[in-house]
Amino acid sequence: MIGADKIIQKKKEFLFPSSHGNHFYKNPPQIVKGDMQYLYDDQGKEYIDFFAGVSVMNCGHCNKEILDVAISQMQTLQHTTIIYLTEQMVNLAEKLATVLPGNLRRSFFCCTGSEANEGAMLLARLYTGKNDFIALHNGLHGRTHLTMSATAIPMWRADPDLSRCIHFAKNVYSDTLDLESAAKASIESIKQVIEEQGAENIAALIAEPIQGNGGIITPPLWYFKELKALLEQHDILLLIDEVQTGFARTGKMFAIENYGVVPDIMTVAKALGNGMPISAFCTNDEIAKAFTKPSASTLGGNPVSSATAMAVLDYIEKNNLCERSEYLGAILKQKLELLKEKHPIIKEVRGLGLMLGAELVKANGEAASEETDLILEKLKDRGLIVGKNGLGRNVLAFQPPLVITEENIEVLIQNLDDVLSEL
Ligand code: PMP
């Protein structure tokens with residue numbers, strides 16, 4: 001083990017400056033081992049992981065049942081999915097069709113969330129014959145040209161020549177309005193963009209059901225029904241990005257199910273592979289027909305990733321992770337609400353299932369960014385890994401492996417209470 005200092009030195013010497021500051025800590029640990037909801041550093045210190053690598057490790061780190069499948073597939077066949085017939089990807093597509101919302105049943109597999117969103121946007125163009133998109137403030141959709149263009153968070157918009165085909169509308173977050181009013185204002189803002197740009201130019205609206213990096217921004221339960229109806233009036237597709245919210249994270253297999261809406265196109269990534277790179281864009285039979293030109297990803301849906309993803313879906317089902325996420329999420333949310341009563345720095349607790357955020361603000365209403373960093377550092381020192389997000393980097397993010405226990409939650413809450421009291 002080379003140790004944290006050496007890793008930082010090598011990052012500085014051999015990676016790009018863009019990757020230097022991405023970790024959360026002044027003194028980041030070197031993580032060397034994972035075991036379900038626990039992580040271990042090079043000193044042997046144990047951490048309870050309450051972030052799961054941003055909703056990636058939903059089934060836990062080094063989950064033995066899933067690893068057994070992955071290792072066995074690795075020892076049998078690693079290959080591309082193109083050229084020859086292999087069965088793992090089609091089996092996964094068939095299985096995925098049984099859990100996707102409504103009439104979504106066709107999948108195109110790739111390796112990352114960005115790639116899935118890029119493909120989904122291409123599909124929307126091919127099906128509608130239209131070119132432009134609506135995206136929402138605070139949204140994050142990826143690192144490729146179109147998906148970075150559709151990303152509204154300034155720190156993730158590095159390209160100086162972003163596409164002009166993306167038109168931004170308000171999301172449901174507002175400093176001044178309550179959630180209901182902000183959600184209505186968002187719908188109005190989308191209507192306005194459609195009017196200004198012309199429905200005949202807009203292929204799709206792309207949105208996360210709950211904005212992750214944007215600060216666990218959680219629309220009210222009527223929001224997506226009203227949005228879908230509006231888009232249908234104008235023949236605009238609803239493209240839902242479930243990259244961070246999918247696979248039992250929010251108490252349902254997919255977060256959009258909480259909203260009773262079936263999107264036209266949906267993307268999945270992260271937790272589908274539980275650490276193995278695999279993603280997909282998914283749609284119904286009719287829209288899929290528009291994608292006829294040959295297209296394939298060399299390693300998208302490769303046998304190892306597909307077999308692993310199949311094991312992930314089996315594990316979620318067998319262990320009732322949707323119900324678990326809903327149940328434990330309600331407990332964690334209630335305890336965070338109690339902390340909010342005690343510590344005025346917590347402005348709001350929001351989210352669904354085990355995708356929860358606590359927004360921290362100073363007494364003058366400004367984002368408590370430095371305090372958030374301090375809390376993260378102190379929790380880490382106490383053996384707890386928590387995330388942060390939001391435009392002001394002032395939202396504590398709780399997105400643990402769904403295998404955490406009530407006792408783990410109790411430990412988190414006690415320590416968070418202590419740390420908030422120390423501030
Ligand atoms: N969409 C959402 C909602 C995400 O959270 C992310 C990554 N944080 C992406 C897309 C991009 O995924 P990837 O990093 O796998 O390209």
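In which sense do β3 and β13 pair, and over how many bridges? The two strands pair in the parallel sense over 2 bridges, where strands are DSSP runs of E of at least two residues and helices are runs of H or I of at least four, both numbered from the N terminus. Two strands are taken to pair if DSSP finds at least two bridges between them. The structure is a predicted model, in which local features need pLDDT of at least 70 and side-chain atom pairs count only at pLDDT 80 or more, whereas totals for chains, interfaces and linings use all residues. Residues are numbered from 1 along each chain as its sequence is written.

The pairing of β3 with β13 belongs to an open sheet of 4 strands in the order β1-β2-β3-β13, with mixed pairing. β1 (31–35) and β13 (384–385) are the edge strands, each pairing on one side only. Between β1 and β2 (residues 38–41) the pairing is antiparallel, over 4 bridges, and G34 stands opposite L39 in β2. β2 is also joined to β3 (residues 46–49) by 3 bridges in the antiparallel sense, with Y40 having E46 as its bridge partner in β3. These two strands form a hairpin with 4 residues between them, and G44 in the turn has a positive phi of about 85 degrees. In β13, L384 is the bridge partner of I48.

The chain is divided into domain 1 (4–62 + 320–422) and domain 2 (77–319), with bounds that come from an automatic or database domain assignment. The C-alpha centres of the two domains lie 25 Å apart. Across the boundary, 28 residues of domain 1 are in contact with 28 residues of domain 2, contact being defined by C-beta atoms, placed from the backbone, within 7 Å of each other. On the side of domain 1 that touches domain 2, α11 gives the most, with 5 residues. The residues of that side divide into 14 nonpolar, 11 polar and 3 charged; here Ala, Val, Leu, Ile, Met, Phe, Trp, Tyr, Cys and Pro count as nonpolar, Asp, Glu, Lys and Arg as charged, and the others, Gly among them, as polar.

The largest nonpolar core has 119 residues, and those with the most contacts inside it are A124, F133, A204, L205, L239, I265 and V386. Helix α10 (residues 303–318) supplies the largest share of this core, 8 residues. Both domain 1 and domain 2 give residues to the core, so it lies between them. A nonpolar core is a set of buried Ala, Val, Leu, Ile, Met, Phe, Trp, Tyr and Cys residues joined through C-beta atoms within 7 Å. A residue is buried if 20 or more other C-beta atoms lie within 10 Å of its own, exposed if 12 or fewer, and partly exposed in between, with C-beta atoms placed from the backbone. When neighbours within four places in sequence are left aside, the contacts of I265 are A120, L123, A124, A204, L237, L239, F281, T283 and I287. K318 also lies in helix α10, but this residue counts as exposed because it has 9 C-beta neighbours inside 10 Å.

The ligand is surrounded by 16 residues, of which the closest are T112, G113, S114, V243 and Q244; a residue is included if its C-beta atom, placed from the backbone, lies within 6 Å of the molecule. Helix α5 (residues 113–128) gives the most to this shell, with 3 residues. The shell divides into 4 nonpolar, 9 polar and 3 charged residues.

Terms used:
Two residues are in contact if their C-beta atoms, placed from the backbone, lie within 7 Å.
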